[in-house]
Amino acid sequence: MVPSFIMHTMTELKQAIEEIVEKHLPDENHFIVEVKMSEKSGKMLLNILLDADEGVTIQACAKLSRAVSEELEAKDMMPEAYILEVSSPGLDFPLSSRRQFEKNINRELKISLTSGEEIQGKLLEVSETGVKLLVKKKKEKGKKATEEEIILPFEDMKKSIVQVSFK
């Protein structure tokens, strides 16, 4: 019998895996950030990044890993030798969805724009089309620094990273 993973293109396989992951999410607070497939040491590497509105626990990652692995094997969707990793995105992982931006309201972001400019500011709001940031204006000599609110459309953003603050 030919394993079913051979019959699928990588795109079809990735979509099927995303559906399986979605089905096994612990609850509605959890969401998929990314499902990535690559090859490592001759084995297929399946990397699932999971996030949640209130943060991700190691127990949630382990539970999802077991459920996804069981279904992939039951449906014979992966080659014999594959590695499955389920984790949360690290602090240096760029925000990629509106839901991730919403989760980080009131946190400091560093945003690289498509123009090459970088902006840093406090995330105030998220809309359908972009974000509102509170940024410090450049201080003029002898004057107090001021802040202003700016609106950035998602299409102007190349990369957005949450900045770690130690307060």
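# Close-up views of a predicted model

View 1. Just after H2, aspartate 76 has a positive phi of about 50 degrees. Helices (H or I, at least four residues) and strands (E, at least two) are DSSP runs, numbered from the N terminus. The model is predicted: local features need pLDDT of at least 70, side-chain atom pairs count only at pLDDT 80 or more, and totals for chains, interfaces and linings use all residues. Residues are numbered from 1 along each chain as its sequence is written, and side-chain values use heavy atoms, leaving out hydrogens and water.

**View 2. Helix H2 and its cover.** H2 spans residues 58-74, which makes 17 residues. From first C-alpha to last, H2 reaches 24 Å, close to the 24 Å expected at 1.5 Å a residue. The expected span is 1.5 Å times one less than the number of residues. Which residues of H2 are buried? They are Ala60, Cys61, Leu64, Ser65, Ala67, Val68, Ser69, Glu71 and Leu72. Buried means under 20% relative accessible area, exposed means over 50%, and partly exposed lies in between (1.4 Å probe, protein chains only). The cover over these buried residues includes helix H1 (10-23), strand S1 (30-40), strand S2 (43-52) and strand S3 (82-87).

**View 3. The largest nonpolar core.** A nonpolar core is a set of buried Ala, Val, Leu, Ile, Met, Phe, Trp, Tyr and Cys residues joined through side-chain atoms within 4.5 Å. The largest one has 20 residues. Ile17, Leu46, Ile48, Leu64, Val68, Leu72 and Met78 touch the most other members. H1, S1, S2, H2 and S3 each supply at least two residues of this core. A second, separate core has 15 residues, including Leu95, Phe101, Val126 and Leu152. In soluble globular proteins, nonpolar side chains tend to be buried together.

**View 4. Leucine 64 and valine 21 touch.** Contact means heavy atoms within 4.5 Å. Not counting residues up to four places away in sequence, leucine 64 touches Val21, His24, Leu25, Ile48, Leu50 and Val86. Valine 21 sits in helix H1. Its relative accessible area is 0%, so valine 21 is buried. Leaving aside neighbours within four places in sequence, valine 21 is in contact with Ile32, Ile48, Leu64 and Val68. Valine 21 and isoleucine 32 are eleven residues apart in sequence, and 7.8 Å apart in space, C-alpha to C-alpha.

**View 5. The loop between H1 and S1.** Aspartate 27 lies in this loop. Is aspartate 27 buried or partly exposed? Aspartate 27 counts as partly exposed, because its relative accessibility is 31%. Aspartate 27 and alanine 52 are 25 residues apart in sequence and 9.1 Å apart in space, C-alpha to C-alpha.

**View 6. An open sheet of five strands.** The order is S7-S6-S5-S4-S8, and the pairing is antiparallel. S7 and S8 are the edge strands, each pairing on one side only. Two strands pair if DSSP finds at least two bridges between them. Strand S6 (residues 130-136) and S7 pair over seven bridges. Here leucine 134 stands opposite glutamate 149 in S7.

**View 7. One aromatic pair.** Rings of Phe, Tyr and Trp (its six-membered ring) pair if their centres lie within 6.5 Å; planes under 30 degrees apart count as stacked, over 60 as edge-to-face and the rest as tilted. The count by this rule is one aromatic pair. Phenylalanine 101 and phenylalanine 154 form it: the pair is tilted, 5.4 Å centre to centre, with 55 degrees between the planes. Phenylalanine 101 is in helix H3 (residues 98-103), and phenylalanine 154 is in the loop between strand S7 (147-153) and strand S8 (157-162), 53 residues apart. Phenylalanine 101 is buried at 4% relative accessibility, whereas phenylalanine 154 is partly exposed at 24%.
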